[in-house]
Amino acid sequence: MSDNVISEVALRTKGEIYLGIVGAVRSGKSTFIRRFMEAKVLPLIEDQEFYQKIADELPLSGDGKMVMTVEPKFVPSNNFKIEVGESVSCQIRLVDCVGFVMPKASGYLNEDGSNRLVKTPWFQEEIPFEEAAIIGTKKVIESHSNIGIVVTSDGSFGEFERSDYEEVEAKVIEELVTLNKPFIILLNTKNPNSLEVNELVESLSQKYNVSVIAVDVANMDANEVDKILEKALDEFEIAEMNILVPDWFKNLSDNVSYKARFNELIDSTTNGNRKMRDIFSVRDSLASCDIFENVAISDINPGTGVVTFELDVDESVYNDVTLEITGIDISDKASFIDLLQEMVEAKTHYQKIKPAMASLNEVGYGLAIPSQADMVLDKPELIKQNGRYGIKLKATAPAIHMVRVDVETTFEPIIGTEEQSQALINHMNNQFDSDIEEIWNSEIFGRKLSDVMVDGIKAKVYNVPSDVEFKYKESLSKVINDGRGGVIAIIL
Ligand SMILES: Nc1nc2c(ncn2[C@@H]2O[C@H](COP(=O)(O)OP(=O)(O)O)[C@@H](O)[C@H]2O)c(=O)[nH]1
Ligand SMILES: [Mg+2]
């Protein structure tokens with residue numbers, strides 16, 4: 001027999017659906033377990049004998065104010081595996097916890113008013129009832145469950161009132177929050193559809209920031225169990241968020257402003273622990289960004305916790321981005337083709353010197369090795385050697401040598417007094433460590449420092465006589481072509 005919701009929970013819990021049922025005494029925990037098993041689990045069991053064994057183990061609910069459950073009870077007591085879908089099987093186990101005591105409940109104190117001691121599976125010795133409830137809840141949630149269900153009540157049945165449950169549920173929830181396991185609140189009520197109950201559900205979910213669902217537990221059917229399990233799945237953390245954007249946007253480098261903004265947005269939306277129920281607010285926060293035209297949740301997989309968002313980027317962003325990258329408005333086809341051709345030409349040239357540029361930057365010297373396409377072949381010549389004949393084939397190709405020369409320039413303005421000069425130095429030293437751009441942009445005698453320095457460098461570079469450049473080229477040619485490895489003197 002298959003069951004979709006149970007299958008999803010089974011996937012999410014890796015085949016172990018362990019529900020820890022916690023809450024105040026007399027909130028309906030045992031009743032919930034009984035109805036859960038009857039409505040949802042027993043119908044999945046085909047073996048009659050097995051069915052009967054589990055049915056016999058279901059907990060009884062207690063009447064009045066007398067506390068019944070004094071130690072956590074595992075239902076069913078033994079682990080069993082059931083098939084819940086195509087190649088999905090799982091173990092389902094509910095743990096009936098010792099209820100948190102309400103001041104008006106009886107049964108947790110002895111007649112003389114002393115604490116009633118109870119036996120727990122976690123300690124050799126008996127411990128007071130109230131302590132058993134706190135420790136039991138903690139242990140059950142920590143080690144024996146992957147989903148917590150806090151059962152509380154509006155006071156519409158039994159002998160306790162809403163105010164009795166209120167204080168106790170706060171303690172239980174506080175405990176669960178610190179344990180950091182997915183949990184939901186089940187508001188047990190005779191009137192799950194009443195306006196008052198709806199208001200209470202709303203206020204509880206606001207107060208505790210967790211899913212709250214109102215159910216008449218004693219009459220709960222399979223559909224309601226499904227709703228509870230779906231809500232519980234919503235409380236699991238999102239395991240993975242896939243964010244699909246158009247390929248051209250994905251390929252943008254991170255320094256393009258739109259991409260940087262996108263990265264920031266993704267970081268702020270996805271950081272922290274997000275629960276499955278937060279996916280709509282994640283979508284809304286993505287949609288609030290003007291980069292995207294449309295943000296859709298294209299897939300939610302409660303079983304694996306994987307959520308996929310699909311983001312359409314606004315068409316105008318494409319034009320802005322190409323302008324930012326190229327500095328040229330290429331929003332029409334003609335200018336795009338022009339640019340493309342120019343770029344291809346530039347790339348072909350650059351490709352040749354790319355390795356040389358890399359080593360130039362690294363060691364100050366770069367060599368671009370010519371390829372066959374650069375070679376010029378002379379006409380073959382007849383040659384004669386020792387009375388025999390042969391041919392001579394000669395090719396020439398440009399090898400480009402790049403040399404990095406670090407050119408120095410200095411600027412020594414005379415400011416006035418020693419104090420004035422010292423003050424300027426101190427000011428600049430501060431900027432030197434914090435914002436060196438400021439120094440470059442500072443004006444000295446009406447000119448920007450960067451302009452002054454660039455002019456200084458240019459003057460030096462242009463000052464090299466052109467015949468020196470020519471001689472340098474000649475000498476290098478000789479070294480390479482004549483194979484002379486020694487140092488050459490350049491006579492200027
Ligand atoms: N009318 C009504 N009574 C309920 C409901 N849930 C529990 N009860 C009753 O409340 C009492 C306590 O329920 P129980 O499941 O034993 O609470 P536990 O102490 O939390 O395990 C029993 O008398 C139940 O019959 C409910 O949804 N509707
Ligand atoms: Mg009980």
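Helices (H or I, at least four residues) and strands (E, at least two) are here DSSP runs, numbered from the N terminus, and a residue is called buried if 20 or more other C-beta atoms lie within 10 Å of its own, exposed if 12 or fewer, and partly exposed in between, with C-beta atoms placed from the backbone. This is a predicted model, in which local features need pLDDT of at least 70 and side-chain atom pairs count only at pLDDT 80 or more, while totals for chains, interfaces and linings use all residues. Residues are numbered from 1 along each chain as its sequence is written, and chains are lettered from A and ligands numbered from 1 in the order in which they are written.

Which residues of helix 4 are buried? They are Phe129, Ala132, Ala133, Gly136, Thr137, Val140 and Ile141. Seen down the axis of helix 4, these buried residues fall within an arc of 140° (the arc of the directions from the helix axis to the C-beta atoms), so they line one face of the helix. The face turned away from that buried side carries the exposed residues Glu142 and Ser143.

A contrasting case is strand 16 (residues 388-392), which is hardly covered, since the count of buried residues among its five residues is zero. Strand 16 pairs with strand 15 (residues 381-385) in the antiparallel sense over five bridges, where pairing requires that DSSP finds at least two bridges between two strands. Within this pair, Leu382 stands opposite Ile391 in strand 16. The two strands form a hairpin with two residues between them, and Asn386 in the turn has a positive phi of about 50°.

The domain assignment, which comes from an automatic or database source, gives domain 1 (4-234), domain 2 (240-326), domain 3 (332-401) and domain 4 (405-492). The centres of domain 1 and domain 2, taken over C-alpha atoms, are separated by 39 Å.
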